[in-house]
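Please keep the sequence and the model in view while reading.

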Amino acid sequence: MAVSLSQQEQIWDSVLKIIETHINDRHVFDSFFADSKIYRISGNSIIIVTNSGLSCTLLKTKYISLIEECVKKITETNYELTFISKDDIQSSSQPLVETKPTYFQSYSLNPKYTFDNFVVGECNKEAVQASLLITTNPGESFNPLFIYAKSGLGKTHLLHAIGNYIKEKKPFYHVLYITADAFIDEYVKFVRGNQQEESLKEFIKKVDVLLVDDIQFLSDKNKTSEMFFNVFNFLITNGKQVVLTSDRCPNELKGLEDRLVSRFNMGLSVNIKNPDTDTLLEILKLKIEANGLNINNFDYNGLVYLAENFSRNVRELEGALNRLIFYTITTKHQSKINMETIQESVSGISSKKGKNNELTEDRIIEVVGDYYHLTEEQIKSKVRTSQIALARQISMYLCRTLLSTPFVQIGNIFGGRDHSTVMTSVEKVDKMLKTDAQLNNAISSIKKSLNIKQNT
Ligand code: ADP
Ligand code: MG
């Protein structure tokens, strides 16, 4: 198993914490264990660097059994330990650190998303149970675990919770969280020859747990899917855990090779459904308390009003709550939040869904979002992964061509972009429409949902 630098640090930190409790003399611990670290873990051996030659001698004689015992406790492995002093390393030519991962640098587990702050209800019980089961023995029960649900119902949260929990119990496991979009972007860089020392495939093959979010974005990306199939098979065959999320069940993943879909079906698929009002109220309570506020200051019926008006998507419910909190602080200066304030704070957003079919910029963003299974926030965000960027460009194009909205105004709607960025996006879509049949289909279908009459 490949152990990254940060995992090495975590292991050694945990080992030191136990050792510290066994050494009565604080000065001995501080003096001889200070600045010690794991130099390298390879195969069955761990090399530990100490702060001086004297510490090295002391650790490998007097404290060896204690250190061995603690390492075993943390890693559940009988490692053979070797000690070297820092001075020996400095005089050798070997690098002190492992090569840093060269892929998915901006992707890491978000410690904010855990099982502790994930509310369990009928809608997601099965998904949570399956997730907890695979964390006990990754790679041994359901593999892959496939979690599917509409946007905003907690897939990403659960994926991070799985990763965080595994890291907590097995700090030496290499857990990789990525989105399918990020995989596509890395793959494109890779084939363009931008690969560094490690190949993308080899990099992913070294993980123990692979968590891939929004796998539907692999649709119609044949070359990338082929590569994904390859690493996916390797990991499953070698008993490594894979967890995938998607906005639809495996059989509905259009544009993905059958062999990939049938591989997905070999594990376990679980669905998260729309939450009921009680679960939504529980989520509101949790988020209110997480904001350091007292739930008793919120009118209960007002919270029910929020839960019922934003029942389709927990992300939107959270957005409404944030708006309410902001509104109360900035406008109302109230400590008790009544029904009237709650209704007022969300009046601009709660009636939007479903009732109003008038063609507006918001309506365009909503329909494009539904088509690409993205939220309004994602489309307006600065995120530049390919699928989100495309949905954003299409939305800008439609605002311009259907509503003649000025470029500057479009820029403001889409998170404060300048007018030249908007112009470039609109021109790009216009140009692509001349050759790209898939884009033509997408735009026709979006226009149909917007009730726009079309020539063809
Ligand atoms: P998805 O990936 O399915 O689109 P996310 O995981 O991003 O959805 O969830 C959207 C937001 O809603 C996140 O902030 C998440 O913490 C929150 N959320 C969703 N379901 C729950 C739940 N059951 N308990 C607590 N928070 C939740
Ligand atoms: Mg998500």
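A polar contact is a pair of N or O atoms within 3.5 Å; within protein, one atom must be able to donate a hydrogen and the other to accept it, and residues adjacent in sequence count only if both atoms are side-chain atoms. This is a predicted model, in which local features need pLDDT of at least 70, side-chain atom pairs count only at pLDDT 80 or more, and totals for chains, interfaces and linings use all residues. Residues are numbered from 1 along each chain as its sequence is written, chains are lettered from A and ligands numbered from 1 in the order in which they are written, and side-chain values use heavy atoms, with hydrogens and water left out.

Q: Which residue has a polar backbone atom 2.6 Å from an oxygen atom of ligand 1?
A: A polar backbone atom of L153 is 3.2 Å from an oxygen atom of ligand 1. An N or O atom in the side chain of H157 is 2.7 Å from an oxygen atom of the ligand. The backbone atom at 2.6 Å belongs to G152.

Q: How much of the area that ligand 1 exposes when taken alone does the protein bury?
A: Accessible areas come from the Shrake-Rupley method with a 1.4 Å probe; for residues, only the protein chains shown count as cover. Taken alone, ligand 1 exposes 560 Å². Of that area, the protein buries 95%.

Q: How many residues surround ligand 1?
A: A residue is near a molecule or strand if one of its heavy atoms lies within 4 Å of it. The closest residues are G152, T156, H157, R315 and E318. The number that surround ligand 1 is 18.

Q: Which domains each give at least three residues to the shell around ligand 1?
A: Domain bounds come from an automatic or database domain assignment. The chain is divided into domain 1 (5-88), domain 2 (125-271), domain 3 (277-355) and domain 4 (361-449). The shell draws at least three residues from each of domain 2 and domain 3.

Q: Is H373 buried, partly exposed or exposed?
A: Phi of H373 is near 55°, a positive value in a residue other than glycine. Buried means under 20% relative accessible area, exposed over 50%, and partly exposed in between (1.4 Å probe, protein chains only). With a relative accessible area of 34%, H373 is partly exposed.
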